[in-house]
Amino acid sequence: MTLLRTIAACVCLTPPAYACDLALALAVDVSGSVDSTEYRIQMDGLAAGLRDPIVSEALVRGKARVMLVQWTGSSRQMVTVPWTHIDSFEAIDQFAVKVANDPRVWRNFSTAIGEALESTMSYFDTVSDCKRHLIDISGDGVSNEGVEPSDVHRFLRTRGVTVNAIAIEESEPDLTAYFFENVIVGEGAFVVSASGFADYPERIRKKLLREVTQQTADLK
């Protein structure tokens, strides 16, 4: 009996096997404060960041799943590039092409960050075989419509979803502090600041590096 109990204990303590290291949802702000040029900067910068040699190798090695979400006001969140299995460099390149060419869905609506998180969170049910679940959300303003982002935090924690953010401080100089207090959640969650949209490509690249390689050093 003692031997059986020992074997049972070992089986219970064995960590689960995961088919995928990271499920990464890229949630892009397309609210009314983002003009067409700024939208283009976001998409091109995101595509370039995904093609970074270290980022792409980490995603391929981890057999990651990645998807793209556009979001703005209440009830306006859409998956525009669905979960994609990154099992080769060709796969990450094809995903980056789709991101760069993704047509904008909305243009003139408010900023509902809480609903963006709530909606995006629901899609992780289909990638439960991934070890880490992460929402990478960008934004250039505070939430001004719908549920407060902080009200979604307990649901995100329960489901094991971490939220990191990039605060684009084009017209909101205190946005990083707002995102830190109200948007990010989860172990090791962090905010990266971009002084404006022109700064976005380099900042999103560094953010992706930190996320996919699980770096802990503070980004300055």
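User: Which residues does Thr120 touch, not counting residues up to four places away in sequence?
Analyst: In this predicted model, Thr120 belongs to helix α5, residues 113–122. Leaving aside residues up to four places away in sequence, the residues that Thr120 touches are Ala25, Met67, Val69 and Ile135.

User: Is Thr120 buried or exposed, and what is its relative accessible area?
Analyst: A residue counts as buried when its relative accessible area is under 20%. Thr120 is therefore buried, as its relative accessible area is 1%.

User: What end-to-end C-alpha distance does helix α4 have, and what should its 12 residues span?
Analyst: Helix α4 covers residues 89–100. At 1.5 Å a residue, these 12 residues should span 16 Å, and the end C-alpha atoms agree with this, being 16 Å apart.

User: Which residues of α4 are buried, and what covers them?
Analyst: The cover over the buried residues of α4 includes the strands β1 (20–29), β2 (65–71) and β3 (77–85), together with the helices α2 (36–51) and α3 (53–61). An α-helix has 3.6 residues a turn, so residues three or four places apart point the same way. The buried residues of α4 are Ala91, Ile92, Phe95, Ala96, Val99 and Ala100.

User: How do α3 and α8 cross, and which residues meet there?
Analyst: The axes of α3 and helix α8 (residues 200–212) come within 9 Å and cross at roughly 30 degrees, and the crossing is left-handed. The contact residues comprise 7 nonpolar, no polar and 1 charged. From α3, Ile54, Val55, Ala58 and Leu59 meet Arg205, Leu208, Leu209 and Val212 of α8.

Definitions and conventions: Residues numbered from 1 in each chain as written. Predicted model: local features only at pLDDT ≥ 70, side-chain atom pairs only at ≥ 80, totals over all residues. Heavy atoms only, no water. Helix = DSSP H or I, 4+ residues; strand = E, 2+ residues; numbered from the N terminus. Expected span 1.5 Å × (residues − 1). Buried < 20%, exposed > 50% of the residue type's maximum accessible area, 1.4 Å probe, protein only. Contact = heavy atoms within 4.5 Å. Axes fitted to C-alpha atoms, helices over the stretch in contact; angles between N-to-C directions. Left-handed = near helix turned anticlockwise from the far one by under 90°. Nonpolar A, V, L, I, M, F, W, Y, C, P; charged D, E, K, R; others polar.
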